[in-house]
Amino acid sequence: MRKCSISEKIIHIASGGNHTLLLSEYIQEDTGLIMKSLWGCGNGGSGQLGNCGRDEDATVFRRINLQLAEYGLEGYQPRLICCSWETSYVVLSSERKPDVLLSMGSNDFGDLGVGRGTSVHAKPFQTVQFNHCLEVDGLALDGVYLQVISISTGQHHVIVQLHVQLRDESRRTLIIGWGAARHGQLGDTSTLNKNTPFFSLPKIIEVPHHPNDPVVQIALGHQHSVLLHESGRLTELGSNKKSQIAGLDEFRNVSFVGCTWNGTYVVDVCGTLYATGSHSKGQLGRSPPLTSIHPHPVEFPFRITSARCLSGIACGSEHILVLKTEPGFTPEVWGWGWNEHGNLGLGSTMDVHTPLKLWPQEVDHVNLIATGIWAGCGTSWIALEKQSL
């Protein structure tokens, strides 16, 4: 377990195969305005860190300057970040202007969302366009209002939720995706070219739902996608080869959903955690002899899942972190699953089949309070704040 120091407040961390983005905020001294900063570390050889680290790996976080003003994006700030395997995504926002979605890095499976013929290294980022797919009921996007509500990534596919305004001034919420699609993780595959099993441009994903039951969260695995509706039910797309979506249609009171590459994790309104999918690395949090693929969701009978103390879950490639907070007690981080790269920070590389406490590990650490958790492809991150004495 290594420590790194960021002097600004950490908002979010996103990790790809061998790179990481960090979004932070600070108060500008002369104006009092809240400003956002984008940081990156790891392998940037495919351009996934913009101009930062293209020639060499960045082993410490460095600010990423996207030179937005040079590309007509003056006044925009990063608001959301996400990463697929070798590609990064940054949502920019500016007051009274439509959001802009940038993509950087590899385009092997259409990950950039800009088509296959685009020169992807002409500038540090690409701008993902939605106009070509936003004809709803014969009406096109008006170009004045567009809000990216959320962005989620799997290993090579992306789903965004957009709130848009059409030319008749009506507003709609749309689910749009691109990237790897052969297993149905982006919905209908009837228009998919078998020789190129991915969509290199964004397309609308038709999600069967009631008008009064919108999507409120989206989680992506390697070959599957799960959408949580306001009512607490789930919509599943893609492969079930490893039981990663088995039994999910039975849930009706879900408050959170997350995905590893080959599994899905669900928390109900009572705070109970369930999991389904692959258990080859201990991802389902049970001791052997549970089979490597479990056909039905299993409930976690651990004390970390009570409704009042389960305050955060982070799903990595094949490992899971849980942030447990309880009034009067020091917050704790628990983890389990794949640990080949020391992802769980335990000083070993043995997989962990039942949840173990990862933080605080020593008495000396109790003055450092865990405030956030994130998990990526073989990596984990815990945000710590020094406790006031």
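Where is the place of serine 37? Serine 37 lies in strand E3, which covers residues 34-42; strands (E, at least two residues) and helices (H or I, at least four) are DSSP runs, numbered from the N terminus. The model is predicted, with local features requiring pLDDT of at least 70 and side-chain atom pairs counting only at pLDDT 80 or more, whereas totals for chains, interfaces and linings use all residues. Residues are numbered from 1 along each chain as its sequence is written, and side-chain values use heavy atoms, with hydrogens and water left out.

The protein chain as a whole contains 25 strands and zero helices. Of its 389 residues, 54% are buried, that is, under 20% relative accessible area, with over 50% termed exposed and the range in between partly exposed (1.4 Å probe, protein chains only). The chain exposes about 18200 Å², of which carbon and sulfur atoms supply 49%; the area comes from the Shrake-Rupley method with a 1.4 Å probe. Contact denotes heavy atoms within 4.5 Å. Among contacts between residues at least 6 apart in sequence, 47% join residues at least 24 apart.

Serine 37 counts as buried because its relative accessibility is 5%. Leaving out residues up to four places away in sequence, serine 37 touches Glu8, Leu22, Leu23, Ser24, Tyr26 and Arg63. With arginine 63 there is also a side-chain to side-chain polar contact at 2.7 Å; such a contact is a pair of N or O atoms within 3.5 Å, and within protein one must be able to donate a hydrogen and the other to accept it, while residues adjacent in sequence count only if both atoms are side-chain atoms.

Strands pair if DSSP finds at least two bridges between them. E10 runs antiparallel to strand E9 (residues 141-153), with eight bridges joining the two, and a hairpin of three residues connects E9 to E10. Within this pairing, leucine 141 has leucine 166 as its bridge partner. E10 is also antiparallel to strand E11 (residues 171-180), through nine bridges; here glutamine 161 stands opposite isoleucine 175. Four residues separate E10 and E11 in their hairpin, and glutamate 169 in the turn has a positive phi of about 70°.

Phenylalanine 251 belongs to the loop between strand E15 (234-238) and strand E16 (254-260). Its relative accessibility is 13%, so phenylalanine 251 counts as buried. Beyond its neighbours within four places in sequence, the contacts of phenylalanine 251 are Gly232, Arg233, Leu234, Val266, Tyr274 and Pro297.
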